[in-house]
Amino acid sequence: MTNSTRTTHLRELDTRASQINRRIETVFEMAASRLFALLEEVQGAGDALTRAADISSPAGRERLTRAAAATEAHVDAVQARFQLHSQTATTLRGQAESLRRLLEDLLRDMKLAAFIATNAKVVSHTVPGADDTLGQFAEDVRDCLAGADTNVKAIQEQLVRANRELTRLVPRLREMTEVAAELKVMRERLPALMAGLANAGTLASAAQGARSGMTQVTRALEQAVSQLQSGDSARQRLDHVREIVARIDEPGSPEGQVLERLATAHLDATLASLDEAVAATLPEIDRIAGPWRSAQEAMVRIAESQTGHELGQVAALSSSFAGGLAALEERNAQILPQMEALATAYRKGADAAGQIGELEEQMNVLSINAILVSGRAGHQGQGMTEVSRQLRESTAEIGRATQAIRKLARLQEQEAEAFSAPGEGAGSGTGAIDELEAEVSSLGAALEEMSAAARRASSGDPLAEVRGMLTGFVREAAADAPAHRPEEPMPEIDPGLASLLKSIRDTYSMKAERDVHDALFGTAGLSKADLAEEVQQDDLDDIFFG
């Protein structure tokens, strides 16, 4: 073999080792990943079939129906609560209109009283010998009326604020009442759908088949992955091939010929080990195929069957029901601040109305005192007595209006307190909802896995793909064999070359590499201690590299 031919062969060795190394990373790792994914699919199939069989069984149907029934009282209470809220809102709006009219009447009475008080102050100056007592009475009444006017405006302000909150709140209350009614209808449909579920025995049988197949799949997968792990050791051996080739400075020299022979032997042995690994993996793939296909086919059949259709209806209705309940709880939490603001506004209005009542009592006392003082003036005080009597009648009218306003304002306050009072509909049904959602989630996951199985079944055969990847690797590796191979006899190993070979041998980490090396050059240069240490290392090889 000429030096040019040797150079070409060495270049082919290096290129081939590099290419095979990259293919191993792609093919062997991907094949192992696909097989693990298939194991997860079989596990998922078994779990999905078990969940579906459990829910469609008599016990499962009873459990789901019981979970839905546990929410019935909650839904009824929520519906009743928001119906009451809507009725209360209607009552509040009606009473607010009555309160507005009363306040308008009160303002007119107060203006009249203010006019009479002004007249009383003027008339008080016409009473001969009278001190300023009558005038002060009239002035005090005017001060009380000014305070009452301030409180009336405060009531009007709170009433406007409350009505604004009420206007925003009423449509939401009506909507929530309607949602609760719809949920009640949905819940009433669920038992009928559950009773229609059939063929639970088919599901149970399919689930049992998937679980029993898991043992075979797991065992075959462990064997297959163990064989595919040889790709890791092969990549390390191929790195050593390239390192040996890189040591060759003179291809035609004895050292170059020996190292070329060693690199070629390592490459051949590595490819042979990969061929053996693939050959051992293919039967394991066939063992995986049966249980995997059975599990997938079972789920596809159920997904397309009447039972699958009925399970889907149950899941859809249950999911809508559970979602509606959760949304209702959320909406209830959202309107609570509005309800509390409404109650606060009416409470402040009622407090302001109470203060008007206190002022009315003061005005009544003042008007009575004015009548008594003017009466002591005799005939000359008759004009003042008449004006004081008018003021008394006016304040009495204010008192009656104030009494009605106070009563109605407190009634508004009490009605509004119902909005912010704790009760059913503020999270009290959370436990029942959580239980139902857990059942629905389990059923939904099972149906989704079945649908996924149907999609996978129509998208190809992953096991055939893995098989094709592995056999294609072997075929391509064989086709890429170097065109030239060393054919000359092995050159004589002088001490310097023997030392080089020993240094190379010391870099090996696997028994398979040392066996290839020793088959070419023997172990004459190794001490007994070195060989004993290698026996221990070989035991570790069995653990890490198989």
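Student: What makes R100 count as partly exposed rather than buried or exposed?

Tutor: In this predicted model, R100 has a relative accessible area of 34%; since buried requires a value under 20% and exposed a value over 50%, R100 falls in between and is therefore called partly exposed.

Student: Where do E97 and R100 stand relative to each other in helix α3?

Tutor: They are three residues apart in helix α3, so about one helical turn separates E97 from R100.

Student: What makes D351 and R410 a salt bridge, and which helices does the pair tie together?

Tutor: The closest N and O atoms of D351 and R410 are 3.2 Å apart, and as the limit is 4 Å, the contact is counted as a salt bridge. D351 lies in helix α8 (residues 306-376) and R410 in helix α9 (residues 382-420), so the pair ties together parts that are 59 residues apart in sequence. On the accessibility scale, D351 counts as partly exposed at 36%, and R410 likewise counts as partly exposed at 32%.

Student: How many aromatic pairs are counted?

Tutor: The count comes to one aromatic pair. The partners are F28 and F473, with 5.2 Å between the ring centres and 80° between the planes; because the centres must lie within 6.5 Å and an angle over 60 degrees counts as edge-to-face, the pair is classed as edge-to-face. F28 belongs to helix α1 (residues 3-56) and F473 to helix α11 (residues 462-479), so the pair ties together parts that are 445 residues apart in sequence.

Student: Are F28 and F473 buried or exposed?

Tutor: F28 has a relative accessibility of 3% and F473 a relative accessible area of 2%; as buried means under 20%, F28 is buried, and F473 is buried as well.

Student: How do you know whether T90 is buried or exposed?

Tutor: T90, which is found in helix α3 (residues 72-124), has a relative accessible area of 57%, and because a value over 50% is what exposed means, T90 is called exposed. The C-alpha atoms of T90 and L166 are separated by 9.3 Å, although the two residues are 76 residues apart along the chain.

Student: And is A120 buried or exposed?

Tutor: A120, also placed in helix α3, has a relative accessibility of 1%, so A120 counts as buried. A120 and V387 are 5.8 Å apart in space, C-alpha to C-alpha, while 267 residues apart in sequence.

Student: Which residues form the negative surface patch, and is E492 buried or exposed?

Tutor: The patch is formed by D249, E250, E255, E492 and D494. E492 sits in the loop between α11 and α12 (495-505), and its relative accessible area of 72% is why E492 is classed as exposed.

Student: How many helices and strands are there in the protein chain?

Tutor: The chain has 14 helices and zero strands, and buried residues make up 45% of its 546 residues. In helix α13 (residues 511-521), the buried residues include E513, R514, V516, H517 and D518, and just after α13, G522 takes a positive phi of about 75°.

How values were computed: Residues are numbered from 1 along each chain as its sequence is written. This is a predicted model: local features need pLDDT of at least 70, side-chain atom pairs count only at pLDDT 80 or more; totals for chains, interfaces and linings use all residues. Side-chain values use heavy atoms; hydrogens and water are left out. Rings of Phe, Tyr and Trp (its six-membered ring) pair if their centres lie within 6.5 Å; planes under 30 degrees apart count as stacked, over 60 as edge-to-face and the rest as tilted. Helices (H or I, at least four residues) and strands (E, at least two) are DSSP runs, numbered from the N terminus. Buried means under 20% relative accessible area, exposed over 50%, partly exposed in between (1.4 Å probe, protein chains only). Patches are made of residues with over 30% relative accessible area and no salt bridge: like charges are joined within 9 Å, nonpolar side chains (Val, Leu, Ile, Met, Phe, Trp, Tyr) within 5 Å. Accessible areas come from the Shrake-Rupley method with a 1.4 Å probe; for residues, only the protein chains shown count as cover. A salt bridge is a side-chain nitrogen of Lys or Arg within 4 Å of a carboxyl oxygen of Asp or Glu. Lys and Arg count as positive and Asp and Glu as negative; His and the chain ends are not counted. The place of a charge is taken as NZ of Lys, CZ of Arg, CG of Asp or CD of Glu.
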